[in-house]
Amino acid sequence: MFEIFQYEFMQNAILASVLASIACGIIGTYIVIKRLVFLSGGISHSAYGGIGLGYLLSFNPIYGAVFSSLLGAVFVSVMRKNKLENEDTLIGIIWAFGMALGVLFIGLAPGYAPDLMSYLFGNILTVSSSELILMGIADLIIMVVVSIFFKQFQAITFDEEYSKTIGLNVDFYYLLLFVLIALTLVLLIKLVGIILVVALLTIPAAISKMIAKSLKSMMILSIIFGLVFTIFGLLISYYLNLPSGSAIIILSVIGYFIVFITNKILNN
């Protein structure tokens, strides 16, 4: 069984699982508590525009995904701050616009777009060393920012009106949180793809919410659950020759219902 760990692609995949689980656990907790799942879906799909631009201009598509995701997050945050449009409408716009741009750019790009399906449905086995470095940098940024502004994020997550009353710059912290969500989504694209990324971001946090007693313990549990699902999903996909992204998400959903049913039985 352990012979698979001698392969470089498998070592990269496991390291990617650890890095993604850390980001998922921290940011997914805020997403689940603040009910920002639809926003996450909009930002992840806006990344497709940057991926298409990468193919068109011949640079690493993941850098394009970072750019377009951040742009989408800032757009929603600024429009929300100025109350120019309903948040759901804005999310729907960046969702559709990002996908449309991606299709357009890929259509204009010369030749065949290799590895395109891995951005849509994920393939953790193709994560490169340069992408691991990018994931590590993003993880570091997320951990440092959340450590510094933990109390402020906690305040706007649980009581936005009270945060305004005590003079907290709610719009600024929302923008910061949206940017961190965008970074986390890009981290996950290579693992499970744009289509399934929201599931991995929300399911470990949703499970932890049923068990944890505090925000910090919820984050730690989310990281552990994310790690278990990605590692075991990876092993299942390797031995059964299944798509890795699908295996990880299906395992996560099974895990969610096991904890949900167990929790209901124990509470009754």
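Phenylalanine 38 is partly exposed, with a relative accessible area of 40%; on this scale, buried means under 20%, exposed over 50% and partly exposed in between, using a 1.4 Å probe and protein chains only. The model is predicted, so local features need pLDDT of at least 70 and side-chain atom pairs pLDDT 80 or more, while totals for chains, interfaces and linings use all residues. Residues are numbered from 1 along each chain as its sequence is written, and side-chain values use heavy atoms, leaving out hydrogens and water.

The structure holds 11 aromatic pairs. Rings of Phe, Tyr and Trp (its six-membered ring) pair if their centres lie within 6.5 Å; planes under 30 degrees apart count as stacked, over 60 as edge-to-face and the rest as tilted. Phenylalanine 38 and tryptophan 95 form a tilted pair, 5.6 Å centre to centre with 35° between the planes. Phenylalanine 38 lies in helix α2 (residues 37-57) and tryptophan 95 in helix α4 (residues 87-108), so the pair ties together parts that are 57 residues apart in sequence. Helices here are DSSP runs (H or I, at least four residues), numbered from the N terminus. Tryptophan 95 is also partly exposed, at 28% relative accessibility. Elsewhere, ring pairs join Tyr30, Phe149, Phe153, Phe172 and Tyr173 into a cluster.

Phe153 also belongs to the largest nonpolar core, which has 62 residues; Met135, Val146, Phe153 and Ile181 have the most contacts inside it. Such a core is a set of buried Ala, Val, Leu, Ile, Met, Phe, Trp, Tyr and Cys residues joined through side-chain atoms within 4.5 Å. Helix α9 (residues 170-211) gives the most to this core, with 22 residues. Apart from it lies another core, of 16 residues, including Ile106 and Leu120.

Serine 222 is in helix α10 (residues 215-240). It counts as buried, at 0% relative accessibility. Its side chain reaches the backbone oxygen of methionine 218 at 2.7 Å. Not counting residues up to four places away in sequence, serine 222 touches Gly25, Thr29, Pro204, Ala205 and Ser208, where contact means heavy atoms within 4.5 Å.

Two loop residues remain. Most residues other than glycine have a negative phi. Arginine 35, in the loop between α1 (8-34) and α2, has a positive phi of about 55°. Arginine 35 is exposed, with a relative accessible area of 74%. Serine 58, in the loop between α2 and α3 (61-81), has a positive phi near 60°. Serine 58 counts as exposed, at 67% relative accessibility.

Note on methods
Polar contact = N/O pair within 3.5 Å; in protein donor to acceptor, adjacent residues only side chain to side chain.
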